[in-house]
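Hi,

Here is the structure I promised to pass on.

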Amino acid sequence: MKKVLFVVLTALLSTTAYANNCATYFEQNDSEQAFIACNTEAVQGDKDAQYNLAHIYDGRVGHRNAEKALFWYKKAAKQGLVKAQYDLANLYIRGHGIGIDKEKALYWFTKAAEQGFLKAQYKLALMYVDDKGIEVNKEKSLYWLTQAAEQGFDKAENDLGLVYYRGDGVEKNSEKALYWFTKAMEQGLSEAQYNLARMYEVGDGVEVDKEKALYLYTQAAQEGNIYAQFELAYMYDQGEGVEVNKEEAAYWYSQVEAKNKGLAAGESKLARMYDQGVDVVINKEKALYWYTKVAKKGIISAQLELAYRYDQGEGVEVNKEKARYWYSQAQAQEEREEYRVDQEQLDLARMYAEGDDVNVDKRKALYWYTKAAEEGNISAQLELAYMYDRGEGVEVNKEKALYWYSQAQGEENEFAYVQSDLARMYAQGNRVKVDIGKALYWYTKAAEEGNISAQLELAYRYDQGEGVEVNKEKAAYWYAQAQEENGFVYGQYDLARRYAVGNGVKVDIGKALYWYTKAAEQGFPEAQYQLALMYVDDKGIEVNKEKSLYWLTQAAEQGFDKAENDLGLVYYRGDGVEKNSEKALYWFTKAMEQGLSEAQYNLARMYEVGDGVEVDKEKALDLYTQAAEQGNEYAQLELAYMYDQGDGVEVNKEKAAYWYSQVEAKNEGDIDEQFELAYRYDQGVDVVINKEKALYWYTKVAEEGNIYEQLELAYRYDQGEDVEVNKEKAAYWFAQAQGEENGSAYGKYDLACMYAGGNGGKFDIGKALYWYTKAAEEGNISAQLELAYRYDQGEGVEANQEKALYWYSQAQGVEEEFVEAQYYLARMYAHGGGVNLDKRKALYWYTKAAEQGLGDAQYDLALMYDNGDGIEVDKEKALYWYKKAADQGVTEATHN
């Protein structure tokens, strides 16, 4: 059973039994004993135990819980433990379970860096040039890179060398580059060995020393640096600075190939590096060498690069024969491997036009657009038409624009589609930079050619003012144009679907609703069905059951099977309408006649128990079997039950086992469906209540080791709920639950929260109090505080100050844990973590924790008053708590 239940805090543990054992157990990798000991020592304020406990919750040993990892990292970090500060920063960078927060990561990396923690200094340096989440600051990056390098951190030394080599944010300084590369090289860093080798090979800031270059390349290559291995292969192959040695060249090639399952990617990168001068001195001869290597492997892009060079004389003498040769090789490759040369040319053109991993080069872009266009690539022809029409990268030339536009028109249907596709690319920034001007240009061109999607897109944009000024006249015009086309309705539906799921565009629920409605109003059943779902989905639009029923009926009356089944369910449940078994039977039957397994299953349930029809076990068995044979898991489980228990059929354990195995094979042992069936029969969800079946399936789930259902069974046998009281069975299932790894106190507390919040529809305040009490009696502080609150406020029980005081005093057993538990309860109710959102309760517990001096609670309380989050805005109280939090060292509070 997959329940996302927020477990708040560790159960109250002995403060003496495990003293000083945390580190020992942790080092011995005894995760279970470490978990217990570290909990105890962490609560007592031991920063190393807090750090180890955070590690456990961070998933490095077990017990993954991001919120708790965050909590304990923060506790240790605030005590100045540098490794905790560093790992806390990394937790904010990863964001798993807590959300990425680059600012907080920056704060804690800085704290650790200021204590001289090398890795933190290096991470800070990278963050300040990363341009993702924080403002680029090359000065600060240089500062922290220098700090780490001066302490001998090899990667920082190498990166600092690169900064001075490139002149990136500093004046280019080959002497300093040489110094830092050398420092890192002395520590055996292969990247530094490689960088130094390049400098010595060509005399870049040093005297040429081919022997030293060879030595350094060899050192780096032996450590697996593929670029060094490539350079050695080149040197031995060409006899550069060393005698020609084809065997050695072949050896180093083989090393790269063995590691990377092919050479082309690395060779291509080297070719571009030498071609563009990326971290090397430009060397067209080497670029040509590596492009040739890649081209000989049949890589079309490299073959085209060579064709261009020989054709244009870039880095080589013009050689039309070689240009034609490499061009023909690319074309031959296309025929052999179904690659499209024109697409490769188009990709090259876009690469140079956009500056994607190369320097922007409009001349090369024009060249490759032209080549692709000459091959008949419509996208390239249209790009050229645009460039000449608008003068982008070339002089305006209306004649050429018209020529390429007319060439593209050769394939009429594809022509308009490609224009529409280009428009979407520029509107969404898909493989190109976002350019709304170009997007509108191509939408208009495609629309003028009769492309419905483009016409509808323009109609929407002019109607809603998206990317253009609102223009109702133009909106009406394009809408009218689209209506004249045969595929008008499907075009609307297709647009809606794209916006609903993000197919080729960004998800936009508003646009999806707009276009589904347009298509539905014209009788398109798929659109009517999707609209019906949207109005009850509660995701992005307001729930409206009346509208949902209207559109579901429209689709069902047109024979849309899923709509027929769903409409049957609406009448069966009485969901927004009066319950009507006759109508449910009618619509289920309509969908069943079309072979829909869900409808077969729903009808089977009705016939099995005589719900709105006469009982007919034989018909039920037949319908369950039809649905099960189509893979319906609930039908398979129902059949398993019938054959296992002899319900309406002779007992047949073999068939029962077969249908169980079908479900297990599909779900790899997952017990969700069994729990779902138990719950349905227990609560009467889409079935007639059947406590016997519910107990059967709850038992199946419990036998699989599910702690919640073990406790559920324990309760039922203890209290005699739907079964006879059986203290022996109750004790058995309690014992089973207590044997679970995380202990039953957590499970009891979670069950209490589930019943209190009505999670999964299980609202039962009596059961909630039962389980809160059970968990509280086992020392669960969150449960103790929950009971204290309920008896204090009279929520779900009669107010009883004596009991409130009792449970409050029980929770106070460990003062620090007590305060933190209040804070986590507040967070649960503020954010709906495992309980229903309750801002009133959040305010209550934030206030309790804040009054006891917890800085984080003071800050969150200030935010509530500042933003009016569930309460009235009170700037005076907000300021009061901000100041309190700031005094406690909460950095976020100082900004408010």
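Tyr-107 is partly exposed, since its relative accessible area is 25%. For that word and its relatives, the cut-offs are these: buried is under 20% relative accessible area, exposed is over 50%, and partly exposed is in between, with a 1.4 Å probe and protein chains only. By that scale Trp-108 is buried, because its relative accessibility is 9%.

Before I go on, a word on where this comes from: it is a predicted model, so local features need pLDDT of at least 70 and side-chain atom pairs count only at pLDDT 80 or more, while totals for chains, interfaces and linings use all residues. Residues are numbered from 1 along each chain as its sequence is written, and side-chain values use heavy atoms, with hydrogens and water left out.

Back to the rings. How many aromatic pairs does the structure hold? The count is 25. Tyr-107 and Trp-108 make one of them, an edge-to-face pair with 4.9 Å centre to centre and 85° between the planes. (Rings of Phe, Tyr and Trp, the last by its six-membered ring, pair if their centres lie within 6.5 Å; planes under 30 degrees apart are stacked, over 60 edge-to-face, and the rest tilted.) Tyr-658 and Trp-659 are edge-to-face too, because their planes are at 75°, with the ring centres 4.9 Å apart. In that pair Tyr-658 is partly exposed at 43% relative accessibility, whereas Trp-659 is buried with a relative accessible area of 9%. There is also an aromatic cluster formed by Tyr-86, Phe-109 and Phe-117.

Two lysines sit over tyrosine rings. The charged end of Lys-172 is 4.4 Å from the centre of the Tyr-165 ring, and Lys-579 lies over the face of Tyr-572 at 4.3 Å from the ring centre. What counts here is NZ of Lys or CZ of Arg within 6 Å of the ring centre and within 35 degrees of the ring normal.

Now the chain as a whole. It has 49 helices and 0 strands; both are DSSP runs numbered from the N terminus, with helices being H or I of at least four residues and strands E of at least two. Of its 896 residues, 52% are buried. The accessible surface comes to about 41,500 Å², and 45% of that belongs to carbon and sulfur atoms (areas are from the Shrake-Rupley method with a 1.4 Å probe, and for residues only the protein chains shown count as cover). Taking contacts between residues at least 6 apart in sequence, 49% join residues at least 24 apart, where contact means heavy atoms within 4.5 Å.

Helix α4 covers residues 66–78, and its 13 residues reach 18 Å from first C-alpha to last, close to the 18 Å expected at 1.5 Å a residue. (The expected span is 1.5 Å times one less than the number of residues.) Why is α4 called largely enclosed by the rest of the structure? Because 12 of its 13 residues are buried, including Phe-71, Trp-72 and Tyr-73. Just after α4, Gly-80 takes a positive phi of about 90°.

Helix α25, residues 452–464, also has 13 residues and reaches 18 Å, close to the expected 18 Å. It is mostly covered, with 12 of the 13 buried, among them Glu-457, Arg-461 and Asp-463. Which residue caps the N-terminal end of α25? That is Asn-451, with a side-chain oxygen 2.9 Å from the backbone nitrogen of Ala-454. Just after α25, Gly-465 has a positive phi of about 70°.

- Ala-89 lies in helix α5, residues 82–94, and is buried because its relative accessibility is 0%. Leaving aside neighbours within four places in sequence, Ala-89 is in contact with Ala-105, Trp-108 and Phe-109. Its C-alpha is 9.5 Å from that of Lys-111, 22 residues apart along the chain.
- Ser-597 is in helix α33, residues 597–609, and counts as buried at 11% relative accessibility. Not counting residues up to four places away, Ser-597 touches Ala-627, Gln-630 and Asn-632.
- Gly-169 sits in the loop between α9 (154–166) and α10 (174–186). Buried or exposed? Gly-169 is exposed, because its relative accessibility is 62%. The C-alpha atoms of Gly-169 and Ser-141 are separated by 9.4 Å, and the two are 28 residues apart along the chain.

Cheers

Conventions: Expected span 1.5 Å × (residues − 1). Polar contact = N/O pair within 3.5 Å; in protein donor to acceptor, adjacent residues only side chain to side chain.
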